[in-house]
Amino acid sequence: MGSPRQTKLKRGPILIALGVVCLLYLLVHSASSASSALETSASSPRTGNHNALPPLDDLKSETGIVSFQLSTARRLQRLFPYEPALHKKYPRTIWQTWKYTPSDARFSSKFHRATDAWTRLNEGFTHEVLDDNTAASLIRQLYASVPEVVDAYFAMPKPILRADFFRYLILLARGGVYSDIDTTALKGVSKWFSNGVSDVVVDEDGNDKITLTDEQAAEIAKTIESTTGLIVGIEADPDRPDWHDWYARRVQFCQWTILAKKGHPALLRIVSHITTETLRRKITGTIDLPKTKEAGSQIMDWTGPGVWTDTVFEYLSSIQPNTDWHNVTGIRQGKVMGDVVVLPITSFSPGVGTMGAFGPDHPHAFVYHIFEGSWKPANERHIGG
């Protein structure tokens with residue numbers, strides 16, 4: 001038996017063991033339900049030329065847009081099937097992109113410190129830091145048989161749009177952890193499962209109230225990983241009437257850090273959606289962003305956390321009907337929902353000083369975001385209630 005964690009509420013060993021067993025049962029049952037829901041996802045006969053680009057003229061009508069997106073989704077599903085029963089573990093790969101690689105003299109020293117933390121805290125992982133040209137070549141290679149995706153990627157008018165799109169594309173095709181270059185790891189990824197979800201009860205300060213041995217925490221983490229296909233963290237949870245002045249959604253998921261298994265349906269949804277929206281803009285002559293503050297809002301809803309949040313909730317509702325922000329607002333620890341784990345705001349946004357987020361030293365703080373949206377004006381970053 002390992003050494004117990006520091007505890008604030010003493011429980012008998014039998015009660016603890018029963019709690020662990022119950023949690024394991026709920027996780028396995030939840031994963032089984034998610035798997036059943038996924039088996040009913042759309043499919044299509046394997047006929048015709050699957051590598052042909054669908055007719056772009058379809059994107060000039062609402063009916064055509066829906067048809068185009070479904071066609072793309074089916075092709076992606078065949079290319080990157082989601083097989084949770086075969087893949088109990090997520091790929092041990094960390095993906096990051098920047099203008100330069102760490103071997104380039106122009107790579108910032110602060111980024112060196114951040115990337116070094118990801119490598120140091122995740123022993124046994126492959127850590128890929130790709131420059132823009134390598135990332136583009138990789139997308140061209142991975143999605144060669146779905147040319148509309150490649151077309152959409154290279155049609156995007158701004159690097160921030162391609163950077164957003166890349167994270168969904170690489171996780172759909174390869175899985176693993178994506179994290180922005182301006183993030184630093186505070187704990188290893190394995191702690192996202194054991195620290196983030198396995199503490200059954202927490203107090204009002206988000207601290208553990210049940211003692212688990214190291215072996216018990218590791219066993220729960222192993223089960224969570226085997227039944228989880230996606231981990232997302234809350235970026236913003238502003239309980240104030242003017243939240244829409246600062247954020248795209250009432251509860252907003254961050255997309256600077258995401259963990260996923262290859263082919264996850266939420267990623268398939270967002271890739272097919274962004275592909276369709278980008279090519280619709282291209283064919284209708286509306287692909288350029290306005291030179292006003294409205295550009296930021298369009299990015300949020302085109303490739304950013306707005307559309308990502310919508311996609312995650314759409315997926316959650318497909319496996320647990322009527323799921324929305326009310327189901328995750330105010331959470332202080334990870335919440336298992338089907339094959340998705342939603343982490344609290346402290347996990348990926350520690351130290352923001354608002355919305356109930358605790359500091360970087362908290363046990364549930366896993367990733368620190370250095371710039372919090374550096375492409376936005378400073379007065380628009382992390383304002384909450």
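Predicted model: local features only at pLDDT ≥ 70, side-chain atom pairs only at ≥ 80, totals over all residues.

Student: Fine. What is the general idea behind a nonpolar core?

Tutor: In soluble globular proteins, nonpolar side chains tend to be buried together. Here, the largest such core has 68 residues.

Student: Which residues of that core touch the most other members?

Tutor: Those are Tyr143, Phe165 and Trp308. As for secondary structure, helix α6, residues 159-173, gives the most to this core, with 9 residues.

Student: What is Trp308 in contact with, leaving aside its neighbours within four places in sequence?

Tutor: Its contacts include Tyr168, Leu230 and Val232. Phe253, Cys254, Gln255 and Ile258 are also among them, and so are Ala266, Leu267 and Ile270.

Tutor: There's a second, separate core too, made of 21 residues. Trp118, Ala185, Ile220 and Ala221 are included in that one.

Student: Now strands. How should I think about the side chains along one?

Tutor: In a regular strand the side chains alternate between the two faces of the sheet. For our case, look at strand β5, residues 230-236.

Student: How many residues of β5 are buried?

Tutor: 7 of the 7, so β5 is largely enclosed by the rest of the structure.

Student: Which way do β5 and strand β9 run, parallel or antiparallel?

Tutor: Parallel, with 4 bridges joining β5 to β9, which covers residues 340-343. Leu230 has Val340 as its bridge partner in β9.

Student: And what about β7 and β6?

Tutor: β7, residues 257-260, pairs with β5 in the antiparallel sense over 2 bridges, and there Leu230 stands opposite Ala260. β6, residues 252-253, also runs antiparallel to β5, joined by 2 bridges. In that pairing, Phe253 of β6 stands opposite Ile234.

Student: Going back to β9, is Leu343 buried or exposed?

Tutor: Leu343 sits in strand β9 and counts as buried because its relative accessibility is 0%.

Student: Last one: which residues of helix α5 are buried?

Tutor: In α5, residues 147-155, they are Glu148, Val149, Val150, Ala152, Tyr153 and Ala155.

Student: What covers those buried residues of α5?

Tutor: The cover includes α2 (62-79), α4 (132-142), α6 and α9 (265-284).

How values were computed
Residues numbered from 1 in each chain as written. Heavy atoms only, no water. Core = buried A, V, L, I, M, F, W, Y, C linked by side-chain atoms within 4.5 Å. Buried < 20%, exposed > 50% of the residue type's maximum accessible area, 1.4 Å probe, protein only. Contact = heavy atoms within 4.5 Å. Pairing = 2+ DSSP bridges.
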